[in-house]
Amino acid sequence: MRRFKVGDHVSWDSEGGRVSGTIIKVHTRDIPYKGYTHHATADEPQYEIKSDKTDHLALHKGSVLTKLRR
């Protein structure tokens, strides 16, 4: 399981291609987001990420993220 922390620079695949951003929060409990409950636990957290190119926020599990070097 991939683990990340606040401040890590990561990337992931989206409908529009590869996106990158910075983790701003780690959620370890279920969180309602955009009308859907994202399930999260201490063992499988959801990462809140702010896009590098826009102010868009996204939630993703660590399994879809890749850590980038700055």
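Reply: Of the 70 residues of this protein, 34% count as buried; buried means under 20% relative accessible area, exposed means over 50%, and partly exposed lies in between, using a 1.4 Å probe and protein chains only. Please keep in mind that this is a predicted model, in which local features need pLDDT of at least 70 and side-chain atom pairs count only at pLDDT 80 or more, while totals for chains, interfaces and linings use all residues. Residues are numbered from 1 along each chain as its sequence is written, and side-chain values use heavy atoms, with hydrogens and water left out.

As for overall shape, the radius of gyration is 11 Å, which agrees with the value near 11 Å for a compact globule of 70 residues. That radius is taken over C-alpha atoms, and the globule rule is 2.2 Å times the number of residues to the power 0.38. Along the principal axes, the C-alpha atoms fill a box of roughly 30 × 25 × 20 Å.

Now for the part to look at closely: the sheet. The protein has 7 strands and 0 helices; both are DSSP runs numbered from the N terminus, with helices (H or I) needing at least four residues and strands (E) at least two. Five of these strands form an open sheet in the order β6-β5-β2-β1-β7, with antiparallel pairing. Strands β6 (57-61) and β7 stand at the edges with a single partner strand each, so one side of each is left without a neighbour in the sheet. Strands of a sheet pair through backbone hydrogen bonds, either parallel or antiparallel.

Let's follow β1, residues 9-14, and its two partners. With β2, residues 17-27, β1 pairs in the antiparallel sense over 6 bridges; two strands count as paired if DSSP finds at least two bridges between them. A hairpin of 2 residues joins β1 to β2. You can trace the pairing yourself: H9 has T22 in β2 as its bridge partner, and S11 has S20. On the β7 side, β1 pairs with residues 66-67 over 2 bridges, again in the antiparallel sense.

Beyond the end of β2, T28 is found in the loop between β2 and β3 (31-33). At 42% relative accessibility, T28 counts as partly exposed. T28 and A40 are 12 residues apart in sequence, yet their C-alpha atoms are 5.0 Å apart in space. Not counting residues up to four places away in sequence, T28 touches A40, T41, A42 and P45, where contact means heavy atoms within 4.5 Å.

H38 counts as buried because its relative accessibility is 16%. Leaving aside neighbours within four places in sequence, its contacts are D30, I31, Y33, Q46 and L59. Stepping back to the whole protein, 44% of contacts between residues at least 6 apart in sequence join residues at least 24 apart.
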